[in-house]
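I opened this notebook to record what I looked up in one structure. The entries follow the order in which I consulted it.

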Amino acid sequence: MAADSDSADPAGRCRLCTKAGAELFCRDGRRHYYRCKQCLLVFVPPMQLLSAVAEKAEYDLHQNDPDDPGYRRFLGRLFEPLQARLPPSSHGLDFGCGPASALPVMLAEAGHSVALYDRFYAPDRAVLQRRYDFITATEVVEHLHRPGAELRQLWALLRPGGVLALMTKLVVDGEAFARWHYKNDPTHVVFFSRETFAWLAAEWRAELEIIGQDVILLTRQS
Ligand SMILES: [Zn+2]
C-alpha cells in the first residue's frame, strides 16, 4: 500500500488539491472511485494504481495511427481553437505525446514548433526545463498518478499569455459515471469535471474556457 493511504482514509489525499477525506463516489467489479470534497476530482485509491510496467503494456496495446483521418478529426477539436489563439510561429510542447501523435504534425503544418515529451516513448526531461507559448496534453491528464504536481510543473513552463490545452472526458454526475466506459480503462485513474477545472483556474488565476465536451483551455495571465 502506498504511503499516502491508511485505513482511516483509504483514498489518501486528493491527488489534485491534497485535501484529505474524499468520499466514495462509485465502485465497480474492479476498482473504487473517490471524489474530493474540495475540487471534485474523482480518483482511484493509491493501492489500485497500475505499476509503470503494467501501464506501459496497456499503452502498447492501444495505439492511434497518426495518418488516420478520423484521429486527425478528433484532434481537430483541440487543434482548431488552440490555433485560433496562437500567434504565428509559436513554440510549444506536446506532453504525453505517445509513440506517434498526429497533433505535433498538425501544429508544425500550421507553422509552429513543437517539442515532445512522454514518460515512456520520449523521456527527454530536458524539454521540461524550457519555456513555451503553449502546451498540449490530449487524452493524458486522466492517466496522471500525481496530477496536482504534474499539472503545476507544466503550468510553470508557460510564458505569460501562454495556453495549456487539454483534452479529457469530463465527469457529469454519479449516475452517468457508473455507466461510463471511460472509467473502465485501467490506465484512467483521475477524472475531472467542469467544477474541477474551475477550481484549478481559480487556484492558478487562469482564464478558463471549456469547448464542447472535452477540450479545456487554461490561459496564463500576461
Ligand atoms: Zn481535491
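Which residues of helix α6 (residues 194-204) are buried? I found Thr196, Phe197, Trp199, Leu200, Ala201 and Trp204 to be buried there. I note at the outset that the model is predicted.

**Entry: helix α6.** I next looked up what covers the buried residues of α6; the cover includes α4, β7 (158-167), β9 (207-211) and β10 (215-219). I recorded the general rule that an α-helix has 3.6 residues a turn, so residues three or four places apart point the same way. Just after α6, I noted that Arg205 takes a positive phi of about 55 degrees.

**Entry: Pro147.** I turned to helix α4, which spans residues 147-156 and contains Pro147. Is Pro147 buried or exposed? I list Pro147 as buried, because its relative accessible area is 0%, under the 20% limit for that class. Leaving out residues up to four places away in sequence, I found Pro147 touching Arg15, Leu16, Leu41, Arg152, Val190 and Phe192. For one of these, Arg15, I also looked up the separation: Arg15 and Pro147 are 132 residues apart in sequence, yet their C-alpha atoms are 6.0 Å apart in space.

**Entry: the zinc ion.** Which residues coordinate the zinc ion? I recorded the SG atoms of Cys14, Cys17, Cys36 and Cys39, at 2.3 Å. The spacing of these donor residues in sequence is C-x2-C-x18-C-x2-C. Within this set, Cys17 and Cys36 link distant parts of the chain, 19 residues apart. I placed Cys17 in the segment before β1 (23-27), and Cys36 in the loop between β2 (32-35) and β3 (42-43).

Cys17 counts as buried at 12% relative accessibility, and Cys36 is buried with a relative accessible area of 2%.

**Entry: the largest pocket.** I noted about 1100 Å³ of space in the largest pocket. The lining holds 42 residues, and Tyr59, Gly96, Glu139, Val140 and His143 lie nearest the centre of the pocket. The elements giving two or more residues to this lining are α1 (52-61), α2 (69-85), β4 (91-95) and α4. I recorded α1 as the element that gives the most, with 4 residues. By class, I divided the lining into 17 nonpolar, 13 polar and 12 charged residues.

**Entry: the second largest pocket.** About 160 Å³ of space lies in the second largest pocket. I listed Lys169, Leu170, Val171, Val172, Ser193, Arg194, Glu195 and Gln213 as the lining. This lining has 3 nonpolar, 2 polar and 3 charged residues.

**Entry: Gly98.** Where is Gly98 found? I located Gly98 in the loop between β4 and α3 (103-109). Gly98 counts as buried, at 17% relative accessibility. Setting aside neighbours within four places in sequence, I found Gly98 in contact with Asp118 and Tyr121. I also looked up Arg119, which is 21 residues from Gly98 along the chain; the C-alpha atoms of the two are separated by 8.5 Å.

How values were computed
Residues numbered from 1 in each chain as written. Predicted model: local features only at pLDDT ≥ 70, side-chain atom pairs only at ≥ 80, totals over all residues. Heavy atoms only, no water. Buried < 20%, exposed > 50% of the residue type's maximum accessible area, 1.4 Å probe, protein only. Contact = heavy atoms within 4.5 Å. 1 Å grid on protein atoms, 1.4 Å probe; cavity = no way out; pocket = protein on both sides within 12 Å on 5 of 7 lines; lining within 4 Å. Points joined across faces, edges and corners; volume = space filled by probe spheres on them. Nonpolar A, V, L, I, M, F, W, Y, C, P; charged D, E, K, R; others polar. Donors = N, O, S within 2.8 Å, 3.2 Å for Na, K, Ca; no water.
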